[in-house]
Amino acid sequence: MSAEMYLAKASDENMCEKGEDGGAVTSLLRYLLENGIVGAVLTIKARNGNRYDGVPTLIDDPEDLTDTAGSLHCTTPNIARFAREYLEEISEKKIAVVCKPCDARAIIELAKREQLNRDDLTLIGLNCTGSISPVTAKKMMKDEFYVEPSEVIKEDIDEGFLTITFKDGNTKTKELKELEENGYGRRENCRRCNINIPRMADIACGKWGAEEDEDMTFIEICSDKGSDLINSAIEGGYIQIQKPSTQNIRTREEKNNAEIGRANEQRKIDFGPIEALDIRERLNYWVEEFNKCIKCYGCRDACPLCYCEECILEPNREFIGIGRIPPDTLFPLTRLSHIADSCVNCGQCEEVCPMDLPLSKLFSFLNDRLSEMFDYTPGENMDDTPPLASFHENEINIEDTILDVTSLSIEKSKEN
Amino acid sequence: MIDYESTICPYCGCGCGINLVIKDGKIIGQEPWKEHPVNEGTNCPKGRNAYQFLNSEDRLKKPLVRKDGELKETTWDNALDTITDKLKDVKPERFGLLASGKNTNEDAYVLQKFARVVMGTNNIEYCGRLCHSPTASGLGPTVGSGVMPTSELDIETSDCIILAGVNIKENFPMLAMRVIRAKKKGATVIVIDPRKNATARYLGDIHLQLKSGTDVAVLNVMMKIILDQGLEDTAFIESRTTGIEELREHLSSLEMEEMESISKVPVDKLEEAALRFAEAERGCIIFNQGVNQQVTGTDNVKAVASLALITGQYGKPGTGVCPTRGQINGEGVGEMGCLTVFYPGFKRVSEEVAHEFGEIWGVKDLPSEPGYTYIKMLYETDILYIVGTNPMMSAPDVNNVRKALEDKDLLIVQDIFLTETAELADVVLPAATWVEREGVHAYVDRRVQKINKIVDAPGDAKPDWIITCMLAEKMGYKEYFDYTSSSEILDEIGRAFPAYAGIDYQRLEENPGGLLWPCPNKDHPGTETFFTEKFNTPDGLGHLQVVHHKPPAEAPDNDYPYVLTTGRSIFHYHTGSMSRRTPRLDKEEPKAFVQINPSVASERGIKDKDMITLKSRRGSIRIKARITNDVQEGLLFVPFHFAEACANVLTNPELDPNSGMPEYKICAVKLEVK
């Protein structure tokens, strides 16, 4: 399908100033609210203006949208979980969700499982090259950029570099690779992420391909709903558009490919040593990690896809033993078997783990293999069925064992 | 429509941030607060289920007064009149007030002021007496202050961490997170604990599995090895301590074999641990109740501190002797002066200090002699005012506590539930808690953080400080308790305790993670590392202490052949009043249990989950057996969360003479299997 693409900006000069890259996204949201297309917008705002404290927020008054304009890179709110958990608390049914690729993918996986109604949602996708956990980000500002975190008014990630803008208008740029080697920079899951343009949303917005004009956002239409939105917003005088040049489109694609390249390289670095272990050692590696678990259920609760109201891991289900830490290895393995086929690599599980278990690495590692076997990319397409809910003839011939639980041995030895 | 409101977890002293999800003034969920520096969006099982207890149907909503033997709902006016009728006649020394580590600083400050100004007595204590009194009496003479000398965040920069009598994985998981990070960077973790608990199994590199009650023997040997091998930090000892000769002399008189036979820890293991700690660039010792809750608690703490001093492990981030804090405000309520020996700011009770506070408060003749410590107060008073603490579960020898409480002329209990203690009260006052009121707490590392009021308290329940001010007004002392907001109280605290002078509500709200005192002025960033130049002792030096091993008050014998030790589970909190009303936590660990070694179980014919009877000289409980290698053969372990099998029916009320701490960790029991 040859995609429809535009360079867009807000028609309203004021909005154009306040928003990032010409305020197109904010104007589109304003259009949706003012015309009753949606009852509310679910997006992220910097709580009390604090860029390190993004929280999901529901907006029904278009005037409040300006508070949410601009991207936040140093905060990692869980918007898909919010959508699943709290949207039913409000009366509005039609909602626009501003989402990164992993958020959009999680929402689509939830919609497949009938936890959200895709038709009620307008997904405004934003390109993403990763985000930074707030505590790490604040340390990084002090230790690497030599600036008080509150002095930063903007961050930008481009071509492997992080540029921050200070209150006084000055900027400073550092290479992400170097920052990340020093223990700062993006979350590990983000470094491995190779889906930067949210084509599974209704529209995918970003600055790639719009570099020539700072006031423009590059928008790719990804669905009929997205197409209607753009056309009506133009008609309604909310946004102005122009066609991107071939060069614009090529630049965008090149940048995307470069990011995918970097992510795939990172996967090799992260997964290589695990793949090098034999099956038994590999399991032992994971079980050593699992043994740190204190059964807080943080990973389960943070996972946008773990939706069961009566989770089998709950203590009253009598599936796994109660009252002890670490819990049975069945605890993480059950989550793995339930979710790994659909994991969207959002990193939320790992981020909320108090014992620093490398959960995202485990889930991505497994998902990589499953994706290949089943030709399934989670959250990419509403019509694809998750591997767990489908059958593939090749399955019979799969000899690779990712985790051979028959070799569970170290847990027992620890007990005695 | 739906808002995220940030707050601090109501459980232990780590002080983790959480977001509550609020709709129409009600809490509908909980989400990570990732910017919070203590926990970075993570939580332990209790922290993940922080708010459910608030909505429990049996929250106290109205004052209750006992009439014809039954507690009946009444008005605030009537309840307070009932109290003042009796309070007006009681002699100062026959009145006692017990505050709680769950009070805010503002609550605690007002409570101690009530005892001292209105009642004219220093009979004011709080549950810190039962957790950390040996910390104060042991660290006071040694380094001058019983606080954590490092930021809890900096524990991850240590390269050798001793965990002494602290099951950190279960009871302080956010400190365990720092230890895990330190380990990733190569740190050695040494666990000193009689139990092979989750901490020893999954966090420790070296486990010194000592016999209960032999901490001094273990620590003395470690120090002896260090001095014998010349591994001490000579420059540090020379410039910053005093008493090395006496210590050296004492340790050289000890026989290794004899010490080994006392503690049952092989000398080669002690040597390995001692060497690792002595060689560490930054070493710290995190300790808790295993060290404290013994009749030798003060000596144990002194030995811990001496070990850190001779190795120079003080004055840098991630070093020092670090007491933990089990309660949200275990630190702050002590700072506010809810201890019979201290006015606010740890000013020791004396004529001079009484006069000083008389000036601040505008009153004369404040009490200048210490009163009773917690346990004695239970027995020696006629009127007892108990705020947010539950001695019917938490004090040792509960059967006798019951008799003492039933005997009171007036027992006032102010709490959020009708606890086991409140059931015995003559007047019960319903309190607001946690996010139902505003105030500050001081957490484990002197970290002062603010809790905002987010939801309304149920029924007529009110914040503790307001209740106490109402009572003070009824007693005719309105002018001294004429606060219109909790922030006014914090301002007064800043005048009474200069380390707080730079702390106000606005600064706390602007700083996620709060401020670490001392914070003497409004421009001061707070103090992460304590004792960098000198100690808090009068001469500024660390005073090395000579301590001798002493046996426990009640050793096992033929009649009572096992040692019982008590403690906590990760899924529950103290006397269970909050965690047992939290469905997820209660289902995880719904019943009391006793840990029994497999060989004892097989010898006595006990199978896992059998109901057995545990008896001490003070009482007995029926309890479910849990067979595990966590405990050695002679040792039994019972958590103290469960009212139906209350561990403290069995425990020994014998006190550490230096601190008033009961010996919770060691008493003699027998098993009956039927």
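Arg192(A) and Asp270(A) are both buried, a term that stands for under 20% relative accessible area, with exposed meaning over 50% and partly exposed the range in between (1.4 Å probe, protein chains only). Their side chains meet in a salt bridge with an N to O distance of 2.6 Å, a salt bridge being a side-chain nitrogen of Lys or Arg within 4 Å of a carboxyl oxygen of Asp or Glu. The pair links parts of the chain that lie 78 residues apart, with Arg192(A) in the loop between H7 and strand E9 (203-206) of chain A and Asp270(A) in helix H9 (residues 246-276) of chain A; helices (H or I, at least four residues) and strands (E, at least two) are DSSP runs, numbered from the N terminus.

The model is predicted, and local features need pLDDT of at least 70, while side-chain atom pairs count only at pLDDT 80 or more and totals for chains, interfaces and linings use all residues. Residues are numbered from 1 along each chain as its sequence is written, chains are lettered from A in the order in which they are written, and side-chain values use heavy atoms, without hydrogens and water.

Over all chains, the structure holds 80 salt bridges. One of them joins Arg187(A) to Glu351(A), with the closest N and O atoms 3.0 Å apart. Because Arg187(A) lies in the loop between helix H6 (176-181) and helix H7 (188-191) and Glu351(A) in helix H13 (residues 348-351) of chain A, the pair ties together parts that are 164 residues apart in sequence. Arg187(A) is buried at 8% relative accessibility, and Glu351(A) is buried at 12%.
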